[in-house]
Amino acid sequence: AYQSLDIEGRWLDGNQKLADLLGFDTPAQMIGRDFIDYWHDDIKDQFDINYDQFKATHSIEGELQLYRCDGQLISVKVAGRIQRDAEGRFLRTHCILIDISERQRMESEIRQLNTELEAKVVERTEELRNSHQELKAIFDAADVGMAYIREQTVIRCNHKLEKLLGYQPGELIGKPDYALIQNEASYSFISENLDDFVARGETFS
């Protein structure tokens, strides 16, 4: 959408896209009106400062919130230049306005979704932590010796297993799995048949 303002910030010109953006039927309805009247109430007091800076620097680029004729609030990106005569006197502005309301709405929704996702992650992490603690309590309190072995190394075992095998608390951690087997023949049998036992859901002793 295109607009042109006079030195006081009144509309001199605009195209149909600008009229559509702000809810006018035709651009002619806008001519002579003060642009500031359509600024968001929270930033109206900044109009004079920003417009004076625009006239001093000859260009502007930024984002604004504007009211349409029907009172709907929209967000726009503004970029503009100042036209001057041969003596450097102000003639008019030339500005482009782009409606970014939908983009900002989507960004807001994404931020909200991210916030909700982070909350879900925290909640799920806490659930997993509690579940892990419950499983660990069951593991540690079991009446049978239990061990968690990965890559033929004891990662974790309960107190019952340590007592059964005569190890001090924590002494089995990091040891090779054959430390749990009292003789080589038993170790070889278990190593060869463990997958079959697990697949069938069977135990061995």
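**Salt bridges in a predicted model**

Tutor: Glu63, Arg103 and Glu107 are joined in a network of salt bridges. Keep in mind that this is a predicted model.

Student: OK, and how many salt bridges does the structure hold?

Tutor: There are 14 salt bridges in the structure.

Student: Let's go to helix H3. Which residue does Arg105 form a salt bridge with?

Tutor: Glu109, and the closest N and O atoms of Arg105 and Glu109 are 2.2 Å apart.

Student: Where do Arg105 and Glu109 lie?

Tutor: Both are in helix H3, residues 101–141, and they sit four residues apart, about one turn of the helix. Arg105 is partly exposed with a relative accessible area of 38%, and Glu109 is partly exposed too, at 40%.

Student: Switching to Lys55, what's its salt-bridge partner?

Tutor: Asp52, with the closest N and O atoms 3.6 Å apart. Lys55 and Asp52 are three residues apart in helix H2, residues 47–57, so about one helical turn separates them.

Student: Is Lys55 buried or exposed?

Tutor: Buried, at 18% relative accessibility. The cut-off for buried is under 20%, so Lys55 at 18% makes it. Asp52 is partly exposed, at 45%.

Student: Last one: what about Asp41, which residue does it form a salt bridge with?

Tutor: Lys44, and the closest N and O atoms are 3.7 Å apart.

Student: And how does Asp41 come out, buried or exposed?

Tutor: Asp41 is exposed, with a relative accessible area of 51%. Exposed means over 50%, so Asp41 qualifies at 51%. Lys44 counts as partly exposed, at 29%.

Key:
Residues numbered from 1 in each chain as written. Predicted model: local features only at pLDDT ≥ 70, side-chain atom pairs only at ≥ 80, totals over all residues. Heavy atoms only, no water. Salt bridge = Lys/Arg side-chain N within 4 Å of Asp/Glu carboxyl O. Buried < 20%, exposed > 50% of the residue type's maximum accessible area, 1.4 Å probe, protein only. Helix = DSSP H or I, 4+ residues; strand = E, 2+ residues; numbered from the N terminus.
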